[in-house]
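Work through the exercises below with the sequence and the coordinates at hand. Each task is followed by a stepwise solution.

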Amino acid sequence: MIDKYPPFDDRWFYALVAVGVCLNATGLFPPIMEPDSALYACIAKQMALSGDFVNLYAVGDDWLDKPHFPFWVGAMSFRIFGVNTFAYKFPALLFFLASVLYTYKFVRLTYSTLTAQVAALVLLTAFHGVLSNSDVRAEPYLMPLIIGPAYHFYRVFLGAKNQALHLVIGSFLTGCALMTKGVFVLVPIGGGLVLHWLLTGHWRELLKPRWYIAVVLSFAFTLPEIYCLYQQFDRHPEKVIFGTKGVSGIRFFFWDSQFGRFFNTGPIKGEGDKFFFVHTLLWAFLPWSLPLYIGVGKQVMGLVKRQNNSVASESIEYVSLGSGLVTFALFSLSGFQLPHYMNIVFPFFAVITAHFLVSLNITHLRKWTIGQTSIGLALTGIAIALLVLVQPAGLVSALVWVVVITLATLSIFQKNTLLSLSGRMVGAMLVLAGTLNLFLYPTFLRYQAGMATADYVNAHANLAKRPTILYEPGTGVGGGSFWTYEFYAQAPTPYARTDSAMRAQVQKTPQQVFITAEFADSLETRGFRVKRLAMFPYYHVSQLTYDFLNPDTRAKTLLPYVLAEVGIDADRAKE
């Protein structure tokens, strides 16, 4: 496909890619964020330290929620680099960068070099993709495990020389995706291909044995997950999972984890909103959300017009549109929704966005460059406003960071061209990512009481070697600030979920306990002696509010956690 514009000079493109890599790498610096990232880090830590790569444990109990693949990767990274923040986040960043490479290679199968360059830069700078390299969950792992199979299978369809090799690699990556998120990953991987075949008159592809071989191979590569689930759950029907016995891990993997959440009938439920991702993408895909929406609209309208005349043109690629829209529709109809779910199809959205921008004529491109620059300046303004409001340590350095990068970006990219548009967006996201990861998050995450307490304990030799009981009454996985304590603490961290469990652990000698101040007070009324050693403020940092951001009102949003020495109150025990 011939574009109206030549590709970026290699030096400019690689320079912008390098900046894009750096802005994502700023996510390596903040500590691990509560709750989900901290939980997943604890599970991988347990796996690495125990050497048990079969069973998943959280809060000291069997854990049945997510498949094993991200935890295997995290545990292996811990064994190489040690148990620390960098070791948890670094492999996720590498997977994310692999998705950028695969996106570039996928685009080059149909589109020009320029479109591939723009798509790579779009993916490197989409806001929630950048955020996910700081607050690491499963999505950075999933991105290359979805665009990767799409690339390899599309090459098979296009008649690549080594079709068997591409089929096997695509199936292997699909198997890894299944072991990361479950069977619904088949929708973004295969949905776009099927739609492309139907729209271009290649429906007979559905009858070819090679695709059924790919399905069989994909599930064959998933056998390690099936084995682990069988060993931990199906072989032990006596285990109590989700409050009941006889829970099948294999059934949960194939049905309850996916369809149960979709229909809201499984053990893990949510509240779905049919328009949730419509407005979520507006901020999650910044600064590219507007060209994405218009690009999708133009492709859909063009498709309708072409279908009214004849079969869609074979020179147009519908994999990106199909995978993106089918997954968008699926998640919109689901009963369980979170903003980061849509990250897995960001590569396809990047392709659509890039194709739209590259197709603009000179007049429209100039207008879009001015419009996108306005969005970039607005993001810069938001970064400055947040810095002024939050007053983080190093405020002057932060403001210098924002001003210098903004002025340098506008000075380097002065013309209203596609290169300038791309460069300005990279600069804007460098400002925003650096502001968040280097200045704001370090301030916010000080209020993860578990991490702060673990740092305090590790710094005091008389406390660091003692196990710390994490007292969290109730059932289920729980939450609060216990997981960051568990991850960052150097000594063992057994859990106590009931008074009887606590009493059994402190019966002979008082033990070190991490607990909310509220529960510490209640223990004293139930036959325990509580000696408070230190107190730390806590805030749920993934749910920011104005009152928390403002230093003048922050105190009223905080809850106290305490490090205490807990034993049996002999006088009350006699009563």
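**Exercise 1.** Decide whether S289 counts as buried or exposed in this predicted model, and state which residues S289 is in contact with beyond its neighbours within four places in sequence.

Solution. Step 1: the relative accessibility of S289 is 4%. Step 2: buried means under 20% relative accessible area, so S289 counts as buried at 4%. Step 3: S289 lies in helix 14, which covers residues 289-309. Step 4: once neighbours within four places are set aside, L281 and L282 are in contact with S289.

**Exercise 2.** Classify the packing of helix 5 (residues 113-125) against helix 16 (residues 346-358) from the angle and the distance of their axes.

Solution. Step 1: the axes lie 8 Å apart, and the angle is about 130°. Step 2: this angle makes helix 5 oblique to helix 16. Step 3: the crossing of the two helices is right-handed. Step 4: on the helix 5 side the contact is made by L114, T115, V118, A119, V122 and L123. Helix 16 brings F346, P347, A350, V351, T353, A354, H355, L357 and V358. Step 5: sorted by type, the residues of this contact are 12 nonpolar, 3 polar and no charged.

**Exercise 3.** Repeat the classification for helix 5 and helix 19 (residues 418-444).

Solution. Step 1: the two axes come within 10 Å and cross at roughly 15°. Step 2: angles under 35 degrees count as roughly parallel, so helix 5 is roughly parallel to helix 19. Step 3: this crossing is left-handed. Step 4: L114, V118, L121 and T125 of helix 5 meet L418, S422, V426 and M429 of helix 19. Step 5: the contact divides into 6 nonpolar and 2 polar residues, with no charged ones.

**Exercise 4.** Which residues of helix 24 (residues 517-524) are buried, and what covers them?

Solution. Step 1: the buried residues in helix 24 are A517, A520, S522 and L523. Step 2: their cover includes helix 23 (499-506) and four strands: strand 3 (468-471), strand 5 (511-516), strand 6 (528-538) and strand 7 (559-568).

**Exercise 5.** How compact is the protein for its 575 residues?

Solution. Step 1: the secondary structure comprises 26 helices and 7 strands. Step 2: the radius of gyration is 26 Å, close to the 25 Å of the globule rule, so the protein is as compact as a globular protein of that length. Step 3: the C-alpha trace spans about 90 × 60 × 40 Å along the principal axes. Step 4: 56% of the 575 residues are buried. Step 5: of the contacts between residues at least 6 apart in sequence, 78% join residues at least 24 apart.

Conventions. Residues are numbered from 1 along each chain as its sequence is written. This is a predicted model: local features need pLDDT of at least 70, side-chain atom pairs count only at pLDDT 80 or more; totals for chains, interfaces and linings use all residues. Side-chain values use heavy atoms; hydrogens and water are left out. Axes are lines fitted to C-alpha atoms, for helices over the stretch in contact, and angles run from 0 to 180 degrees between N-to-C directions. Angles under 35 degrees count as roughly parallel, over 145 as roughly antiparallel, 65 to 115 as roughly perpendicular and the rest as oblique. A crossing is left-handed if the near helix is turned anticlockwise from the far one by less than a right angle, and right-handed if clockwise. Contact means heavy atoms within 4.5 Å. Ala, Val, Leu, Ile, Met, Phe, Trp, Tyr, Cys and Pro count as nonpolar, Asp, Glu, Lys and Arg as charged, and the others, Gly among them, as polar. Buried means under 20% relative accessible area, exposed over 50%, partly exposed in between (1.4 Å probe, protein chains only). The radius of gyration is taken over C-alpha atoms; the globule rule is 2.2 Å times the number of residues to the power 0.38.
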